[in-house]
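Visitor: I have a model open and would like to walk through it with you. Could you show it and take my questions one by one?

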Amino acid sequence: MIAPRRRRIVIGCGCLALGALAPGAAASGAWHPPARFARPHEASEEGGLWGMFDREEARLKRSAFLVRDPALNDYVTRLACRLAGEHCADLRVYLVRTPHFNASMAPNGMMQVWSGLLLRAANEAQLAAVLGHEIGHFLARHSLERLRDVKSRAAFANFLSIFFAAARAGNVGQFAQLGVLASLFAFTREQEREADRIGLELMTRHGYAPGEATAIWSQLLDEIKGDAVTYEEYAGRSVLFATHPPIEERQKLLEEAAREIGRPEATNLGADSYRAALARHRTEFFADELRRRRYGETLVLLERMRKAAADDGALEFFRGEVYRMRGEGDDLEQALNAYRHAAALHGAPPELFRSEGLVLRQLDQEAQSRTAFRRYLELKPTAEDAELIRTYLPRE
Amino acid sequence: MRLRSALLAAAALVLGGCVAMVRMGPGTVTVRDAISVSSDGGWNRLDVPGGGGEVWTSDGLSLDVLTFFVGIKDGEPLAPAPMGSRRVPPAFRAAMLPHQIVELYEASATQDGSTFRLERLAPGAFAGAEGFRFDFSMTRKRDDVALRGIAWGAVVKGKLYLIAFRAPRLHYYAKHLPRAEATARSALIRP
């Protein structure tokens with residue numbers, strides 16, 4: 001179910017529902033995917049549920065927030081299809097430009113993958129783990145189970161429409177207010193661990209290293225610890241995590257389940273293919289990420305990405321941007337160091353020199369700032385801010 | 001759907017009780033005791049509790065918004081944190097460069113998840129001071145509507161004065177832009 005989980009992500013941390021794995025949730029070797037689902041009759045309760053998601057999908061199709069690049073859509077859809085097997089025919093993937101860690105799959109086959117997840121996954125195996133989990137919810141028809149759990153369907157429809165309205169408004173406050181209601185419709189822990197187990201099955205069947213299902217949660221936990229407020233929300237068990245066990249517990253159970261499944265031959269990471277597929281969109285996704293202004297989390301993310309690609313000038317530029325925008329303590333000096341390092345690497349954008357000029361100007365290093373601004377204008381003479389930058393340079 | 005109707009009615013009552021709308025002008029109008037501007041009488045001020053700058057509109061908030069962030073002191077944010085958020089919103093600093101003020105405005109304008117793209121940043125006189133202006137485009141998260149915007153700003157005696165106008169790219173931006181520009185041109189800082 002999309003909305004409740006959206007709420008959790010938006011107010012703090014990614015949690016593709018923080019479930020836990022139970023031994024035997026889908027026992028190794030015993031689990032087989034169900035046959036394709038027929039579209040339910042519209043008068044049935046499941047048909048009504050599909051209808052609601054069909055309307056949401058019609059809206060999503062028109063959204064300006066969709067990432068429409070055919071190559072990236074094709075890449076993610078192919079991966080989802082490999083995992084979903086014959087259910088691929090019923091699955092539609094939508095890449096949504098939203099800088100939070102989330103993916104979801106609705107009972108009608110609408111799968112959403114948010115750009116914050118694409119930015120954070122380190123490789124194809126990690127994305128496969130998340131998509132596999134969502135396909136797991138779909139194959140186990142968890143949404144329908146939840147619907148049947150709710151006594152009053154009228155009330156359910158009401159709440160769902162409120163969630164969708166809140167999701168569109170994107171108002172953090174509204175999400176927080178709706179938190180208690182939302183938790184009523186979140187998947188249960190049993191459903192989460194079943195989806196986790198199915199996800200592991202699917203990813204390892206296709207050769208992806210099961211350890212990456214754990215690694216993506218370790219990465220997220222590291223990011224959470226990088227931001228004091230997010231960590232406070234996490235450790236304080238606010239509404240954010242009220243219905244779910246902590247990441248640490250989930251990691252442990254995922255490791256156990258991976259051992260049970262075995263498959264030592266599943267070692268594929270797909271790191272290079274993943275980086276190549278994302279390359280064209282990384283700058284845009286980072287611009288969105290910076291807008292969150294969760295600098296501590298972003299620095300942890302960047303540090304991790306730099307370890308995998310130490311010679312990437314763009315990553316160093318983004319790191320400089322985080323320090324420049326935060327501007328606390330010795331951040332401006334840190335920003336300068338990052339910009340200068342980036343300039344010596346491959347792939348840094350011209351904006352690097354504008355940012356360097358701005359920082360130097362803030363530090364009253366006028367002559368050096370003019371050198372940086374001149375370089376920026378040489379590289380981008382028609383920049384959107386060229387008129388203002390020229391006022392910083394003496395008339396020549 | 002009885003419950004839904006009841007909820008909507010309750011929301012309307014709450015909002016109806018809190019949001020006051022006041023017609024501005026025609027003539028000289030004082031904004032937040034910080035500046036005076038000339039209004040053509042077609043603007044309405046909305047007093048929304050917990051809001052940031054002073055908000056004016058002609059056709060309604062979804063269709064055109066003129067926001068005044070005026071007399072903002074060093075250390076003050078443009079807008080308070082959204083309800084329910086424990087995060088400290090970014091604050092204005094007297095030493096900020098125009099680029100940083102654009103980023104400050106961007107942070108406030110995109111709290112709802114909308115996109116923001118700077119189209120032009122140029123020097124420009126504002127409120128009798130050497131200031132700057134910037135043009136931008138956005139996609140509003142709530143309804144996917146493409147917006148255009150323009151803002152005029154200056155930092156005078158350590159305080160920020162910024163007037164931002166934004167409206168749907170289709171029709172409403174062009175409809176109200178000359179009036180927004182005239183209002184911004186008339187701005188004078190109060191002694």
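Visitor: In the hairpin of S7(B) and S8(B), which residue takes a positive phi?

Guide: Happy to start there, with a reminder that this is a predicted model, in which local features need pLDDT of at least 70, side-chain atom pairs count only at pLDDT 80 or more, and totals for chains, interfaces and linings use all residues. Residues are numbered from 1 along each chain as its sequence is written, while chains are lettered from A and ligands numbered from 1 in the order in which they are written. Strands (E, at least two residues) and helices (H or I, at least four) are DSSP runs numbered from the N terminus, and this hairpin has 2 residues between its strands. The residue with a positive phi, near 55 degrees, is Ala127(B).

Visitor: Over how many bridges do strand S7 and strand S8 of chain B pair?

Guide: Two strands pair if DSSP finds at least two bridges between them. One bridge partner of Arg120(B) is Asp135(B) in S8(B). Strand S7 (residues 115-126) and strand S8 (residues 129-139) of chain B run antiparallel, and their bridges number 11.

Visitor: Leaving aside neighbours within four places in sequence, which residues is Tyr105(B) in contact with?

Guide: A contact needs C-beta atoms, placed from the backbone, within 7 Å of each other. Tyr105(B) is also among the core residues that touch the most other members. With neighbours within four places left aside, its contacts are Leu78(B), Ala151(B), Leu162(B) and Ala164(B).

Visitor: How many residues of domain 1 of chain A are in contact with domain 2 of chain A?

Guide: The bounds come from an automatic or database domain assignment, which gives domain 1 (2-35 + 42-261) and domain 2 (280-391). On the domain 1 side, helix H4 (115-120), helix H11 (211-226) and helix H12 (228-235) each supply at least two residues. They meet 15 residues of domain 2, and the number from domain 1 is 17.

Visitor: Is Ala89(A) buried or exposed?

Guide: Ala89(A) sits in the loop between helix H3 (70-84) and strand S1 (92-96) of chain A. Because Ala89(A) has 10 other C-beta atoms within 10 Å, it counts as exposed.

Visitor: Where is the residue Arg141(A), which has a positive phi of about 50 degrees?

Guide: Arg141(A) is not a glycine, yet has that positive phi. With 15 other C-beta atoms within 10 Å, Arg141(A) is partly exposed. Its place is the loop between helix H5 (124-139) and helix H6 (142-149) of chain A.

Visitor: What is the mean pLDDT of chain B?

Guide: pLDDT is the predictor's confidence in each residue, from 0 to 100. In chain B, 90% of the residues reach 70 or more, but over residues 1-7 the pLDDT is below 50. Where pLDDT is low, the predicted coordinates should not be read in detail. The mean pLDDT of chain B is 89.

Notes. A nonpolar core is a set of buried Ala, Val, Leu, Ile, Met, Phe, Trp, Tyr and Cys residues joined through C-beta atoms within 7 Å. A residue is buried if 20 or more other C-beta atoms lie within 10 Å of its own, exposed if 12 or fewer, and partly exposed in between; C-beta atoms are placed from the backbone. Two residues are in contact if their C-beta atoms, placed from the backbone, lie within 7 Å.
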